[in-house]
Amino acid sequence: MSIDRREFQHRRQQVMEKIGHGTAIFRSAPMAVMHNDVEYTYRQDSDFFYLTGFNEPDAVAILAPHHPEHQFILFVQPKDPEKETWTGYLHGVEGAKEIFAADEAYSIEELEEKLPQYLEKAERIYYHLGRDKTFNTNVLNHWQKLIATFPRRGTGPTALEDTNFILHPLRLLKTAAELDNIRKATAISAQAHNRAREFTKVGHYEYQIQAEIEHTFRLEGGMGPAYPSIVASGANACILHYINNNRQVQENELLLIDAGCAYNYYNGDITRTFPVNGKFTPEQKIIYEIVLEAQLKAIEVVKTGHPYNLFHDTAVRTIVEGLVDLGLLVGPIDEIIKEEKYKPFYMHRTGHWLGLDVHDAGGYKVNEETWQTLQPGHVLTVEPGIYISPDIKPAEGQPEVPEKWRGIGIRIEDDVLVTATGNEVLTATVPKKVEDIES
């Protein structure tokens with residue numbers, strides 16, 4: 001499922017066509033420290049990986065289509081046998097050229113000396129001012145020096161532009177190779193959810209269920225969790241990003257699991273909510289069926305040509321109608337939606353892009369008024385929910401919530417690929433109908 005290096009070359013070529021006589025700079029992600037001198041498993045910056053496939057820290061990639069000899073340049077850590085004994089194999093300068101197809105490669109220690117030759121005749125510098133403040137300053141200093149000498153040379157970059165606006169629209173449309181990896185990530189994620197439901201019983205701790213999920217991720221060849229796994233029993237399901245996972249599950253409770261596997265840098269993202277003892281209470285079933293109806297109707301409108309926001313609006317309307325029928329919201333449907341009086345029950349959006357990042361790159365709107373239009377190759381999540389916290393505070397003018405509804409939290413999430421003829425639910429193998437869950 002790895003990406004062929006020709007695809008990385010094609011991606012770089014697309015960017016270089018867009019920047020013309022500019023130079024683009026990309027910085028690798030730094031190593032993250034867990035504590036003291038212990039580091040987390042390394043995870044490359046998604047933009048850097050998308051363009052290079054290079055998975056080492058302390059690296060810089062340059063795209064310079066105007067340069068007469070070198071259009072793709074990598075600055076990397078040099079080979080160092082003593083260091084590699086402790087921290088693992090490095091590709092080094094030669095590997096950057098032979099394996100990753102760089103036209104030229106240098107030690108990262110040569111960056112200050114070599115970088116100016118790729119900037120001095122560029123019309124613009126393309127660089128995203130990220131979290132590495134030291135490197136941000138380094139790029140800005142180079143630009144300032146070139147600006148200062150522009151009157152004498154008559155050439156050089158006169159503007160600095162963010163690479164996100166060039167690169168992220170490309171990342172938004174997934175290639176066949178990317179979809180292969182996403183399918184694998186979602187398939188493993190689905191397998192883990194099904195294993196979790198089989199394993200769960202009254203008396204288990206949330207972390208035991210989490211262990212089964214993440215064991216499946218690794219057992220099936222995944223990199224591990226795409227994000228911190230949420231295993232939320234009872235009222236914990238009303239906490240959107242609950243990750244303590246330390247409570248013992250009880251009789252007559254629901255369990256909400258939001259977990260996804262990372263595979264070759266691509267991600268799955270699934271949420272299911274089910275009764276721990278296999279049978280919904282009447283109140284749980286009513287709320288669950290509202291959320292399920294909202295999700296199914298939202299998925300129906302995930303189609304080529306539809307505006308991105310349509311599936312969210314569809315889910316919101318269905319949820320509001322259901323809560324009005326129960327008397328948990330009162331008033332005209334359109335007014336409740338316009339004034340967002342439903343938000344104590346449903347406070348988040350219905351989905352997000354999915355890919356190399358769980359909340360993947362790409363704009364949701366093309367301008368202040370216009371939403372992105374869905375196209376074949378878009379991958380997104382559809383995840384409506386209803387959360388009735390034990391201490392829920394209704395919106396102004398809305399009724400108090402009876403005790404029998406409090407503590408119910410439900411979310412149902414699938415990963416959906418937009419196709420030329422409609423959509424494909426990539427995570428459909430995880431049951432969500434009431435009769436399938438209770439069987």
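The model is a predicted one, in which local features need pLDDT of at least 70 and side-chain atom pairs count only at pLDDT 80 or more, while totals for chains, interfaces and linings use all residues. Residues are numbered from 1 along each chain as its sequence is written, and side-chain values use heavy atoms, with hydrogens and water left out.

Domain 1 covers 5–170 and domain 2 covers 173–438, bounds that come from an automatic or database domain assignment. Each domain puts 12 residues into the contact (heavy atoms within 4.5 Å).

As for what links the two, the interface has 1 salt bridge (a side-chain nitrogen of Lys or Arg within 4 Å of a carboxyl oxygen of Asp or Glu). In a salt bridge, Arg11 and Glu178 pair up through their side chains, at 3.8 Å from N to O.

Away from that topic, Thr23 sits in strand β1, residues 23–27 (strands are DSSP runs of E, at least two residues, numbered from the N terminus). Thr23 is buried, its relative accessible area being 0% (buried means under 20%, with a 1.4 Å probe and protein chains only). Its side chain comes to 2.5 Å from the backbone oxygen of Tyr118. Leaving aside residues up to four places away in sequence, Thr23 also touches a list of residues including Ile62, Leu63, His66 and Arg124.

Conventions. Helices (H or I, at least four residues) and strands (E, at least two) are DSSP runs, numbered from the N terminus. Buried means under 20% relative accessible area, exposed over 50%, partly exposed in between (1.4 Å probe, protein chains only). A polar contact is a pair of N or O atoms within 3.5 Å; within protein, one must be able to donate a hydrogen and the other to accept it, and residues adjacent in sequence count only if both atoms are side-chain atoms.
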